[in-house]
Amino acid sequence: MISTRLSLIVVLLASVNGERNEDAVQPCAEVKTSSSVVVVGSSVSASCTVREDCPIPIPPSVPLEWQLDGKGLPSSSVANQSGSTSTVVIPNFNSTTAVLTCTVQTSPPQIVGGVQIRTGYLPSVPQNLHCQTNLTTPSTMLCSWDPGRDSLLLTGYSLHTYIRDSKKNHSYSVPPGRRHHTIPRSDFTWYSNMEIYVRAQNELGESASAAVVVEPLSAAKFDPPEILSLHAPPKQYGCLKIRWQLSQHEAWVQDVINVEVRLTALNSVQLVSIQEVRSFEKRARPSRPICRLLHGTRYVGQMRVRYRQSPWSEWSGTRSGVTLESAPTGRLDSWMKVSGDHTHKQVSVHLFWKPSKQFRANGQNVSYVVSRVKEPGERARLCATAERHCTFRAPARASRVYLSSVNAAGRSRPIEIRIYRNKDYRAVTDMTVTPYDDTSLVVTWTSLHTPSLLGFMVEWRPLLKTDPAHLQFQSTNQTQSSLIIAGSIEPYKPYGISVYPRFKDGIGLPQTANAFSRQKAPSTVPKLRTEKTWQFDVELIWDDIPLDEMNGEIQGYKVFYSEENGPVRVVQAKPDKRRVLLKDLNPMSVYEAVLEASTFGGSRNGSKIHFKTESFDIVFVVTIVSFIMVMISTSIIIFVYYSSRGRFKNHFCPIIPDPANSSIKDLSTESLEDIHFFNSKEPSLSQLSFLALPTKSQKEEDDDWLNSAEDTSDLGESICGSPFIPGYCGSNSDSVPYATVIFSSPSTSPDPRENHTYLRSESTQPLLEAEEAFTPKCYQNITADKIKEEPCFFGPSDCDETEHETDIGWEDFPFLRALALNDIENE
């Protein structure tokens, strides 16, 4: 079905395009249209009439239908319908190209006829018609134009000329697709005006451009002229004169020529355009002098020409010339730095200067002279140089010097420069330097209020260049707190910037900072080196990054290190450090490390290194082990020695001394100093307890002791032979006895007439066992008059047995003897 339709459409298109041959198949219907080419958006009408000799049987009752590119048109478009004829109207035809077919609605539907319809626009009016004459041989005139909007149809152009003087017309057909045409030299004259226009034509109609009037010579583009000389006229300062000529095949032109001259000097450009009339006999055309130029300055000149309103020629070759010199004029800005102690006879002065905006060197070779006096002579000259800085020695009391510039034509007026002293004044704080762009920096600061402050001097220099000639400076007033440094700043290069306060009587202390206009990662990273190696630690060091390879301010270093197939660890180092210590490493292991250096603009890693930790030192290990063994052996020997003699036990658990073999002489308690009844000549007593009871009657005191067993807790676990508890006996065989003296009155002032009471107590401390054998088994209270028979107070003997012994040796009981003697003295 689809192939049948396509074949029929091809046949129809072939018939529409006029292709006829004997084998061609004739369509069954004739389709006619108002126009096969219409304007986009216009209406199209068509009619379809079935031929009588159509080989397809078409019943009369079957209607004819219309299709546009295979899509059926609505029935409302059909204007007239009969058995063999149908008419259709398309009100708005927007397709660029479409096939309108007539179809019979049989089974299947049959295409009986059709026609191709194309749309487009009227040709646009050609715009911007211009012509240019070529003066080379052979001379021609080239005209070109802008075709405007595409008409969607094949459009042809033609160029038409009319010479007013000769009244000749010429027409030139332009091949399709071309938008320019060349007129031969035979069809125009140099000084005759020509009317030229372009006509465009397609199937919908034609249009023509506006005519332009062209004089062929005025439309010519000349070749670049040739500059013969560029020199200064005599006695004309700041002037140059140019001699030039046209190219050889354009030398016949003897009319007024427009000339434009471009002079370049000191990175500035001056454009001068002049017109001149010259006799036609000479080829060389000297122009009027070009003045208002700098004196004594070399200029490089170029020029171009044109005839009336013709296009400018290309720029000529260059030629240089020098204006006449004169003495320098204008002011020089200066900056002075004084070093040295003013208490000495001389100081060192470093003077810098630069041309101000008003300064004119007025010569090519300019030098500068610094002198002590205003009218310099050989003896008064401090230095003479072609540079813009000078260092000299000056007397400490000198207050000024004079600076002047000199060239071949003369000397400028001297400039007085004061010698300022350095002052210990601080008027600049919070100085910062930030990038403004890749070639400039912004310096900001805060000024302290000082009455004598005149302003500030901002100084900057490239840190990679040590020559003082690269130092630059700029002065500001006292109200200014920022400055943009531009013109000589390069990205990735370090610069040192300083801000000095200027006072009436000297220069104050500066604020200084280093800065980069733009930063990036360092160009190189130093290689790591092992400085020291131990079993568990390694110290790595590296060199400084060269200043010209930093490319920014170093923010810090990182060392990445790892054991083979182990985790990566990182150690950071400050910008001013060049070493790191790697700790907690494995002995006898190989590690890999790499150094990373960072700036604000990026980071870069250095090359990798490998290092190995130390193995264990056998001598060191043996020494440590031997020392430990000696210490252990010594401790064992000491322990055994003291244990065998009881000293070890007594050292750590001291024995409570026996009161019977003790004296109050060496007691440390200060309160014992008032006791007078002890004999100072008796042996010392190591431990003695005193209990001061409240002042009560003897009976009350006895009742208190009898009614409260807790009050005797400090006396030990057993009380043997106590007079207050008759018949009681402590039977703790593991205890050690000791004594407590009880006074009825305060112990510091005992009553001499009162008998003292002693309590026999025992200690449960295990270390006191060794002293039991040295304690007497039974003691008695003894007075000077008699020996009282009292129960046993001390000793482990049975309480049932009471010994009555009168024959007692006082040397055996020194403590009791002292008490007895004291009673006698009191009586």
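Two strands are taken to pair if DSSP finds at least two bridges between them, and it is in this sense that the strand contacts of this predicted model are described here. Strand 26 and strand 27, the latter formed by residues 346-355, run antiparallel and are joined by eight bridges. Within this pairing, D333 has K354 of strand 27 as its bridge partner.

The pairing of these two strands belongs to an open sheet of three strands, in which the order is 26-27-30 and the pairing is antiparallel. The edges of this sheet are formed by strand 26, which covers 332-339, and by strand 30, which covers 389-395, each of them pairing on one side only. From one strand to the next, the twist averages 25°.

A further set of pairings involves strand 28, which comprises residues 367-371 and has four of its five residues buried, so that this strand is largely enclosed by the rest of the structure. With strand 31, formed by residues 400-407, strand 28 pairs in the antiparallel sense over five bridges, and Y368 stands opposite S405 of strand 31. Strand 28 also pairs with strand 29, formed by residues 381-385, again in the antiparallel sense but over four bridges. Here the bridge partner of S371 is R381, a residue of strand 29. As a general point, the side chains of a regular strand alternate between the two faces of the sheet.

Definitions and conventions:
Residues numbered from 1 in each chain as written. Predicted model: local features only at pLDDT ≥ 70, side-chain atom pairs only at ≥ 80, totals over all residues. Heavy atoms only, no water. Buried < 20%, exposed > 50% of the residue type's maximum accessible area, 1.4 Å probe, protein only. Axes fitted to C-alpha atoms, helices over the stretch in contact; angles between N-to-C directions.
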